[in-house]
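This report goes through one protein model for a reader who is new to structures. Please keep the sequence and the 3D view at hand while reading.

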Amino acid sequence: MSFFEVHDPAFARFVMGNAPVKRLATGFDWVEGPVWFGDAGCLLFSDIPSNRILRWTEEGVSLYRGPSNYANGHTRDRQGRLISCEHGTRRVTRTEWDGSVTVIADGYQGKRLNSPNDVIVAADGAIWFTDPHYGIMTDYEGFKAEQELPCAVYRVDSEGGIEAVITDMACPNGLAFSPDGSRLYVADTGRMFHPDPQHIRVYDMVDGRPVRGRLFHTIAPGCADGIRVDSDGNLWSSAADGVHCIAPDGHLMGKIFVPELVSNLCFGGRAKHRLFITATTSVYSVILNRKGNQWP
Ligand code: MG
């Protein structure tokens, strides 16, 4: 059985037949939010229901932070600091060099955020995050609570100013910029119980804001949660059967099969060529003949 399925002949050069999909660690409840720290030789990721951020190295898994305030997605800013989405405290935070935690955003126009889900940092240092309601729907991945704000995508500038920049999606989730910053991709996972399927939308970036939002690709089976872009602009998306690679024009190039439902992914490793995949109870990786673009 192959780990890969080629839909566009170009995809056959993106993967290597002797580079397996490996399970690195297992036994978790629901893992998300992988982020690579090459300087520390480790991957951080969230096990949301168990309220922990874990650290994987070649030597094994250890606790990075617990309780984690039911943290979900992570990234690093342009100074390499950890940026985290927290369901439990309904906020986005930055972990400083000394270990202290700074709140980046916890509300908008006098109301509490829902449950920040995923986060990226733009070239200008602005922090972009999604705020669907998943973390307050039940007590499983946070604390059940009333929703105060519509689900939206927010941008926080370097002065701390917060702005809702996308407000017409059902439940914005994963997000990523194209390599040159001219496009923003956002996954909408809110439509899973509606006839209109969940999908990935693409926006053109004009004067630092997303415009002309339109359908980019619909993942099947399952839906896109976390997404990342490689250095050539191909989009790698989570799916129910693994990871799908989508070309910049929106067509499916190929799949990497993973034996569990995939939530999020990130590039890392020595040459940014290793794709780390969080999938339900386990973390997987596969080395590709591609390099990640997504900062870090
Ligand atoms: Mg997510």
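Where is the place of Tyr70? Tyr70 sits in the loop between β6 and β7. Strands such as these are DSSP runs of E with at least two residues, helices are runs of H or I with at least four residues, and both are numbered from the N terminus.

The model is predicted, so local features need pLDDT of at least 70 and side-chain atom pairs count only at pLDDT 80 or more, while totals for chains, interfaces and linings use all residues. Residues are numbered from 1 along each chain as its sequence is written, and side-chain values use heavy atoms, with hydrogens and water left out.

Tyr70 has a positive phi of about 55 degrees although it is not a glycine. Tyr70 counts as buried, because its relative accessibility is 15%. Here buried means under 20% relative accessible area, exposed means over 50%, and partly exposed is in between (1.4 Å probe, protein chains only).

Asn69 is placed in the loop between β6 and β7. The phi of Asn69 is near 60 degrees, again a positive value in a residue other than glycine. With 27% relative accessibility, Asn69 counts as partly exposed. Pro67 lies in the loop between β6 and β7 (71–76) as well. The peptide bond that runs from Gly66 to Pro67 is cis, with omega near 0 degrees.

## The whole protein

The protein contains 27 strands and zero helices. Its radius of gyration is 17 Å, close to the 19 Å that the globule rule gives for 296 residues, so the protein is as compact as a globular protein of that length. This radius is taken over C-alpha atoms, and the rule is 2.2 Å times the number of residues to the power 0.38. Along the principal axes, the C-alpha trace spans about 55 × 45 × 35 Å.

Of the 296 residues, 59% count as buried. The protein exposes about 11,900 Å², and carbon and sulfur atoms supply 52% of that area. Accessible areas come from the Shrake-Rupley method with a 1.4 Å probe; for residues, only the protein chains shown count as cover.

Among contacts with a separation of 6 or more, 47% are between residues 24 or more positions apart. A contact means heavy atoms within 4.5 Å.

## The loop between β20 and β21

Ala224 is in the loop between β20 (209–217) and β21 (227–229). Is Ala224 buried or exposed? Ala224 is buried, with a relative accessible area of 3%. Leaving aside neighbours within four places in sequence, the contacts of Ala224 include Ala187, Thr189 and Ile200. Ser237 and Ser238 are also among them. Val31 is 193 residues from Ala224 along the chain, and the C-alpha atoms of the two are separated by 15 Å.

Pro221 is found in the loop between β20 and β21. The peptide bond from Ala220 to Pro221 is cis, with omega near 0 degrees.

## Charges and salt bridges

The protein has 29 positive and 35 negative side chains, and the centres of the two sets lie 3 Å apart. Lys and Arg count as positive, Asp and Glu as negative, and His and the chain ends are not counted. The place of a charge is taken as NZ of Lys, CZ of Arg, CG of Asp or CD of Glu.

Side chains of opposite charge can pair when their charged atoms come close. A search of the whole structure finds 15 salt bridges. A salt bridge is a side-chain nitrogen of Lys or Arg within 4 Å of a carboxyl oxygen of Asp or Glu. The table gives some of these pairs.

| Pair | N to O distance |
|---|---|
| Glu58 and Arg274 | 3.1 Å |
| Arg81 and Asp77 | 2.8 Å |
| Glu163 and Arg209 | 2.9 Å |

Glu58 and Arg274 meet in a salt bridge. This pair links distant parts of the chain: Glu58 is in the loop between β5 (52–57) and β6 (60–65), and Arg274 is in strand β26 (residues 274–279), 216 residues apart. Glu58 counts as exposed at 56% relative accessibility, whereas Arg274 counts as buried at 11%.

Glu163 forms a salt bridge with Arg209. The pair links distant parts of the chain, with Glu163 in strand β16 (residues 162–166) and Arg209 in strand β20, 46 residues apart. Glu163 counts as partly exposed at 29% relative accessibility, and Arg209 counts as partly exposed at 28%.

Arg81 and Asp77 are both buried. They belong to a network of salt bridges that links Asp77, Arg81, Arg94 and Glu96.
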